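Have the model open while you read, and click on each residue as it comes up.

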Amino acid sequence: MGITGVDLGEHEAHLEAWLQAGYQGEMDYMAAHGSKRSRPDELVPGTLRVISLRMDYLPGDTRMSQQLADPEKAYVSRYALGRDYHKLIRKRLQQLAERIQQVVGPFGFRAFVDSAPVLEKAAGQQAGLGWIGKNTLLLNRKAGSWFFLGELFVDIALPVDEPVSRDHCGSCHACLDICPTEAFVGERLLDARRCISYLTIELKGPIPVELRDKIGNRVFGCDDCQIVCPWNRFARPTEQSDFQPRHSLDNAELATLFRWTEEEFLSRTEGSPLRRAGYERWLRNLAVGLGNAPSSIPVLEALQARRDDPSELVREHVEWALAQHAGRAPA
């Protein structure tokens with residue numbers, strides 16, 4: 001936990017430049033609230049301090065490298081393997097505010113967990129929780145980057161913490177080099193339109209054809225720039241049972257997931273971050289993964305079974321996937 005004031009300094013200018021370049025793609029909400037995103041006291045009038053908090057989410061046995069190396073497996077970003085983090089962290093923030101009230105008396109506050117226009121990484125950096133790494137994530141020397149962030153906006157003048165002003169990335173650029181789609185256009189500068197997390201979660205339409213083969217078996221999000229970060233050797237496994245993998249999503253076959261009906265998807269993703277993509281885009285993403293997989297009988301049968309899917313979006317990605325397999329001998 002750390003505490004900062006409401007002046008987020010140069011982070012506002014960085015956001016404006018990023019938006020002007022169009023790097024947000026279809027994420028119109030990034031520009032929808034004007035300066036409220038970078039000025040907490042405009043978002044919630046009367047705010048004097050931002051309490052920034054982190055919670056580790058990495059499951060203990062993640063098998064990330066093995067799963068990425070097996071092209072018939074589906075890779076789901078580690079944060080999305082378990083239950084949705086929003087409710088859990090918001091409940092914790094509410095409990096923290098109540099604890100503070102027991103000490104100082106009633107005060108005004110609002111809790112945020114990805115639920116409003118908040119520059120949470122900027123607030124975390126200003127509050128001393130870490131520095132913004134070259135992969136644009138908040139990095140902590142003792143915890144790496146495998147953590148969620150949440151904020152309490154409060155109207156009391158709590159003492160503030162020193163921001164992390166030093167960049168501990170040094171000359172390392174492993175995260176920039178590993179990106180499968182070359183989404184980094186510079187240090188701390190991400191073109192979301194090429195980012196696999198954006199393509200598989202935020203993008204509503206077809207995934208650009210020129211990027212599909214680069215996505216590999218990543219069907220919801222991407223962790224590559226975190227996996228290679230040297231600071232993540234200090235990351236600690238989460239103690240939260242809610243963040244443990246559900247429905248064997250840390251070891252699932254692409255073809256198996258592609259056979260889920262919409263009812264199965266809704267049932268098995270209840271209370272899960274996977275719901276953000278929705279069933280149609282979930283199938284779209286899996287079709288791309290299957291197109292990049294070896295031409296095995298299970299893979300081809302799964303794709304053939306959805307050639308007449310009701311969704312035009314899914315059908316188009318299935319046809320693309322089958323075209324990738326054309327000429328290959330079944331394994």
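**Notes on the model**

1. Let's start with Cys169, which is buried, as its relative accessible area is 13%. (Buried means under 20% relative accessible area, exposed means over 50%, and partly exposed is in between, using a 1.4 Å probe and protein chains only.) Cys169 sits in the loop between strand 7 (147-154) and helix 6 (174-178). Helices (H or I, at least four residues) and strands (E, at least two) are DSSP runs, numbered from the N terminus. Not counting residues up to four places away in sequence, Cys169 touches Trp131, Gly133, Lys134, Leu139 and Arg188; contact here means heavy atoms within 4.5 Å.

2. A word on ground rules: this is a predicted model, where local features need pLDDT of at least 70, side-chain atom pairs count only at pLDDT 80 or more, and totals for chains, interfaces and linings use all residues. Residues are numbered from 1 along each chain as its sequence is written, and side-chain values use heavy atoms, with hydrogens and water left out.

3. The UniProt record (unreviewed entry) gives "binding site" at Cys169, Cys172, Cys175 and Cys229. These four span 61 residues in sequence, yet no two of their C-alpha atoms are more than 10.3 Å apart, so they gather at one spot. Bear in mind that UniProt positions are in the numbering used here, feature names are shortened, and annotations may be inferred rather than shown by experiment.

4. Now click on Cys175, which is in helix 6. Cys175 counts as buried because its relative accessibility is 9%. Leaving aside neighbours within four places in sequence, Cys175 is in contact with Lys134, Asn135, Phe184, Cys225 and Val228.

5. Where does UniProt place the feature "active site" (unreviewed entry)? At Asp114, according to that record. Asp114 belongs to the loop between strand 4 (109-112) and helix 5 (120-126), and Asp114 is partly exposed, with a relative accessible area of 40%. Beyond its neighbours within four places in sequence, Asp114 is in contact with Tyr85, His86 and Glu120. The side chains of Asp114 and Tyr85 are joined by a polar contact of 2.2 Å. (A polar contact is a pair of N or O atoms within 3.5 Å; within protein, one must be able to donate a hydrogen and the other to accept it, and residues adjacent in sequence count only if both atoms are side-chain atoms.)

6. Is Lys204 buried or exposed? Lys204 is exposed, since its relative accessible area is 56%. UniProt lists Lys204 for "binding site" (unreviewed entry). You'll find Lys204 in the loop between helix 7 (196-202) and helix 8 (209-215). Not counting residues up to four places away in sequence, Lys204 touches Glu26, Arg281, Arg284 and Leu313.

7. His317 lies in helix 14 and counts as buried, as its relative accessibility is 0%. Setting aside neighbours within four places in sequence, His317 is in contact with Pro206, Ile207, Arg212, Arg284, Ala287 and Val288.

8. Last stop: Gly289, in helix 12. Gly289 is buried, with a relative accessible area of 1%. Gly289 and Tyr75 are 214 residues apart in sequence and 9.1 Å apart in space, C-alpha to C-alpha. Leaving aside neighbours within four places in sequence, Gly289 is in contact with Pro71, Gly216, Asn217 and Leu254.
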